Amino acid sequence: MGIRALIVDDEEAARDRLQQLLGRLADLEIVGTAEDGDEALDLIRELSPDVVFLDIEMPGKTGIQVAAHLPPPRPQIIYCTAYDQFAVEAFEQHALDYLLKPVSRVRLAKAVDRVRQSLKENAWQNEELKPAERTQARLFPQSLPQLQTLEYTGFCRPARGVGGDYYDFLALGHDRLGVALADVSGKGVAGALLMAGLQGRLQSRAYENPERIDEMISELNDSMYESTDSGKFVTLFYGVYDDESRLFRYVNAGHNP
């Protein structure tokens, strides 16, 4: 598959030069050009390019602001600018490269090589993640226990295929429903692994002791603390709903309203 590129620059001459240089690369297709940051954001959403060659000083939104407004999954960003003082900010926005104008053919070719390598690595990672995505999807509730006095549902779609968001519905017997909502620090596979560990510990304790949820959450906290690296954490809201009395008892362990 070829590389799909978008050029963003407020100067027509700069856009034309980049088009000429990039046009000599057989595996790269220029899918569009933009003259300012707002137009760039619209075209990125519409065209989903693999890479954006992005000027920094432009009318309206700067190139740095454009990158900051991009939701995942983001295209690769290569800045093409006459100013070297924005390099630190550019790489804070996860730029793949930073080219100073006038951009040379050799320097541009090296930047495109980095795009190729990055796309290959992403494709490999996506293939590796597909089984993990299916596995994690099966960890979420596959059926909802029927209640007489409560309608409820849940849904989760991780931004990176797998992640650390977690919800659960547990049939605890005697018309009681356990409800969990948690957020694991971190994203991707690391967050998913911590989420799976939390789920296993929570489910085993919830069925053993559905009455004293304060004690159960305290034990869960100790267990997670012992097995989690420093700097990692989980926020958790857990409650038990009684279908007959319509009473909901809960513990909020750091989870924002």
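The structure is a predicted model, in which local features need pLDDT of at least 70 and side-chain atom pairs count only at pLDDT 80 or more, while totals for chains, interfaces and linings use all residues. Residues are numbered from 1 along each chain as its sequence is written, and side-chain values use heavy atoms, with hydrogens and water left out.

On confidence, the protein chain averages a pLDDT (the predictor's confidence in each residue, from 0 to 100) of 89, and 96% of the residues score at least 70. Helices (H or I, at least four residues) and strands (E, at least two) are DSSP runs, numbered from the N terminus.

A pocket here is an open set of points on a 1 Å grid over the protein atoms alone, where a 1.4 Å probe fits, with protein on both sides within 12 Å along at least five of seven lines; lining residues have an atom within 4 Å of a point. The lining has 14 residues, with Asn 221, Met 224, Tyr 225, Phe 233 and Val 234 nearest the centre. Helix α7 (213-227) gives the largest share, five residues, and β8 (234-242) supplies at least two. By type, the lining splits into nine nonpolar (Ala, Val, Leu, Ile, Met, Phe, Trp, Tyr, Cys and Pro), three polar (the others, Gly among them) and two charged (Asp, Glu, Lys and Arg) residues.

β8 also runs antiparallel to β9 (residues 247-253), joined to it by six bridges; strands pair if DSSP finds at least two bridges between them. One of these bridges links Tyr 241 to Phe 248. Four residues lie between the two strands of this hairpin, and Arg 246 in the turn has a positive phi of about 60°.

Ser 185 sits in the loop between β7 (176-184) and α6 (188-208). Ser 185 counts as buried because its relative accessible area is 14%, buried being under 20%, exposed over 50% and partly exposed in between (1.4 Å probe, protein chains only). Not counting residues up to four places away in sequence, Ser 185 touches (heavy atoms within 4.5 Å) Gly 191, Gly 231, Lys 232 and Phe 233.

Leu 119, in helix α5, is partly exposed at 26% relative accessibility. Beyond its neighbours within four places in sequence, Leu 119 contacts Ile 3 and Asp 50.
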